[in-house]
Amino acid sequence: MSKPFSQACENNKQPILDKLLVHFRQASRVLEIGSGTGQHAVFFAKNLPHLQWHCSDMPANHAGINQWLADYPSANLHAPVPFTIGQDSWPLELVVDKVDAVFSANTTHIMQRSEVPIMFDLIQKNLPEGGIFCQYGPFNVNGDYTSDSNRDFNQYLISQGCGGLWDIADLQVLVSGLDLLHQYALPANNKLLIWQKC
Ligand SMILES: C[S@@+](CC[C@H](N)C(=O)[O-])C[C@H]1O[C@@H](n2cnc3c(N)ncnc32)[C@H](O)[C@@H]1O
């Protein structure tokens, strides 16, 4: 199998890291939900050496993630655990070695609508008080798209059977136990949302 590659990850990893350096400063163990290719994981683990980075995803993506981890190993970077939202409970390994932060990029618009509340519920139940969830991706604001390209992208997602873009206000309504601290505008009409367990 050829190694998966995402140009978007290469483009967005530095702007995301700039914020993680601030908001994961106190974090010691991070669970990434939906690691995808593994490109974010290898870059963030290398540049955040004070913390442990645990990949996770649906099993079909693990072989590709493991190729990236093999090519760019870090002592603080951990092989993916199977974690399919809507199917699995919180990974057992990370109940024992508790995570105090979560990262997820470009997942909520891919998941089914019913899976997103489940993801937030699991995060708020498993983060300690003060724990941080950094969520990157395209979102709507005040009931509207932030760009024509996001509107077109949403149509494409729906045609593919994905759940589609969420409005940040709708996320705030459904999320309990997490406060939205920051909404950063990042390149390519995406945002980084910083949630904190209250
Ligand atoms: C567009 S990719 C993003 C991958 C990577 N985070 C990135 O930013 O490049 C969407 C990811 O969400 C994952 N995903 C979709 N539905 C999921 C679910 N129900 N539970 C866990 N992961 C899911 C996919 O396997 C995939 O890795």
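Predicted model: local features only at pLDDT ≥ 70, side-chain atom pairs only at ≥ 80, totals over all residues.
Residues are numbered from 1 along each chain as its sequence is written, and side-chain values use heavy atoms, with hydrogens and water left out.

Helices (H or I, at least four residues) and strands (E, at least two) are DSSP runs, numbered from the N terminus. Seven strands make up an open sheet of mixed pairing, in the order β3-β2-β1-β4-β5-β9-β8. Two strands are taken to pair if DSSP finds at least two bridges between them. In general, strands of a sheet pair through backbone hydrogen bonds, either parallel or antiparallel. The edges are formed by β3 (77-82) and β8 (178-186), each of which pairs on one side only. From one strand to the next, the twist averages 20°. Within the sheet, β4 and β5 are paired in the parallel sense over five bridges, and Val 102 stands opposite Phe 133 in β5.

Helix α3 touches β2 and β3, and its direction makes about 175° with that of β3. Helix α5 (residues 115-126) lies across β1 (29-33), β4, β5, β8 and β9, and runs at about 155° to β5. These angles, on a scale from 0 to 180 degrees, are taken between the N-to-C directions of axes, which are lines fitted to C-alpha atoms, for helices over the stretch in contact.

Burial is expressed as relative accessible area: buried means under 20%, exposed over 50%, and partly exposed in between (1.4 Å probe, protein chains only). A nonpolar core is a set of buried Ala, Val, Leu, Ile, Met, Phe, Trp, Tyr and Cys residues joined through side-chain atoms within 4.5 Å. The largest such core has 28 residues, and those with the most contacts inside it are Leu 20, Phe 24, Phe 44, Trp 53 and Phe 103. Among the elements that give two or more residues to this core are α1 (7-23), β2 (52-57) and β4 (101-105). The greatest contribution, five residues, comes from α2.

No disulfide, defined as a pair of cysteine sulfur atoms within 2.5 Å, was found in a search of the whole structure. The sulfur of Cys 9 is 12 Å from the closest cysteine sulfur, in Cys 55, and is therefore too far away for a bond. For Cys 134, which is buried at 0%, the closest cysteine sulfur is that of Cys 9, 16 Å away and likewise too far for a bond.

A salt bridge is a side-chain nitrogen of Lys or Arg within 4 Å of a carboxyl oxygen of Asp or Glu, and four were counted. In helix α1, Glu 10 and Lys 13 lie three residues apart, about one turn of the helix, and their side chains meet at 2.8 Å, N to O. Glu 10 is partly exposed at 27%, whereas Lys 13 is buried at 19%.

Conventions: Contact = heavy atoms within 4.5 Å.
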